[in-house]
Amino acid sequence: LESFQIHCGKDELPKLKKDADGFGAVYYIVDSGFSNVGDQVASGDVQKAYASLCTIHPTFTILKKDECMEMMKKCVEGTKKEKGCIYYGWTVEGDKLFCREAYVDGDAIVEHLKNAGPIIGPCLEAGVLKLESFQIHCGKDELPKLKKDADGFGAVYYIVDSGFYNVGDDDLPDLTDPAVQVVTQKLQSVFKGKLGAKLAAKKKPKAGSIDRSQTNKVFVERFD
């Protein structure tokens, strides 16, 4: 075992620290970021995203905190505009800074590198932070799309071997919930039935197979 990191919110750390300490874990606490996973579930693009999922794993050392914090904000705001970003955000442990980021495919990574480079590059040159490592994890079919651009960042490439992905139907609201039905009808009206139709086309779970109470609540609060 070369390293064992856990990246989580400060409220989650007490739940897992006792067990994770036995693995020699180093804890990075979430500072800022966003997630577009919910939007992809609603749009029906989740499975496509999984098949070509790519993640970037850069680690930095913070040298000038205030300037670095400003850079982090600019990166988050800029990346929010990228349609191919699944999630993006910063985690911190002492003077170490890590960016958690995932993209639908290699082309989306190229777009991000072109957007983030002009923000992070000058900060590296100015001594605001130091790049310690830069990894990209992707499927072998995505590597040719991004390698030329990522080579300039000194990227090390990890190729996907195996695994699974639980973001999908289990994250959809229960369409039999009356409150969810009301919101879905509103969405059908706003989007001329396209979004609601995609939700309705999803396979409904067997009664009692999954507890979706929290998912239903979040869905209603977000879209109502």
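1. Let's start with the aromatic side chains: the count comes to six aromatic pairs, where rings of Phe, Tyr and Trp (its six-membered ring) pair if their centres lie within 6.5 Å, with planes under 30 degrees apart called stacked, over 60 edge-to-face and the rest tilted. A word on the basis: this is a predicted model, in which local features need pLDDT of at least 70, side-chain atom pairs count only at pLDDT 80 or more, and totals for chains, interfaces and linings use all residues. Residues are numbered from 1 along each chain as its sequence is written, and side-chain values use heavy atoms, with hydrogens and water left out.

2. One of the pairs is Phe-60 with Trp-90, a tilted arrangement at 6.1 Å centre to centre and 55 degrees between the planes. This pair links distant parts of the chain, 30 residues apart, with Phe-60 in strand E3 (residues 54-62) and Trp-90 in strand E4 (residues 85-93). Helices (H or I, at least four residues) and strands (E, at least two) are DSSP runs, numbered from the N terminus. Phe-60 counts as buried because its relative accessibility is 3%, and Trp-90 does so at 1%; buried means under 20% relative accessible area, exposed over 50% and partly exposed in between (1.4 Å probe, protein chains only).

3. Trp-90 also pairs with Tyr-88, this time edge-to-face, at 6.1 Å centre to centre with 85 degrees between the planes. Tyr-88 is buried as well. Together, Phe-34, Phe-60, Tyr-88 and Trp-90 form one aromatic cluster.

4. Now the sheet. Seven strands make an open sheet in the order E1-E2-E4-E5-E3-E6-E7, with mixed pairing; two strands pair if DSSP finds at least two bridges between them. Strand E1 (5-8) and strand E7 (156-159) each have a single partner strand, so one side of each is left without a neighbour in the sheet. On average, neighbouring strands are turned by 25 degrees against each other, direction ignored.

5. Helix H4 (residues 65-79) touches strand E2 (26-35), E3, E4, strand E5 (96-103) and E6, and its direction makes about 165 degrees with that of E4. Helix H6 (residues 143-151) lies across E3, E6 and E7, running at about 165 degrees to E7. Axes are lines fitted to C-alpha atoms, for helices over the stretch in contact, and angles run from 0 to 180 degrees between N-to-C directions; contact means heavy atoms within 4.5 Å.

6. H6 has a clear division of sides. Leu-143, Leu-146 and Ala-150 are buried, and the buried residues fall within an arc of 85 degrees seen down the axis, so they line one face of the helix. That arc is taken from the directions from the helix axis to the C-beta atoms. The face turned away carries the exposed residues Pro-144 and Lys-148. Cover for the buried residues includes E3, helix H5 (106-125), E6 and E7.

7. The largest nonpolar core has 36 residues, and Met-71, Tyr-88, Trp-90, Ile-136 and Leu-146 have the most contacts inside it. Such a core is a set of buried Ala, Val, Leu, Ile, Met, Phe, Trp, Tyr and Cys residues joined through side-chain atoms within 4.5 Å. H5 gives the most to this core, with seven residues.
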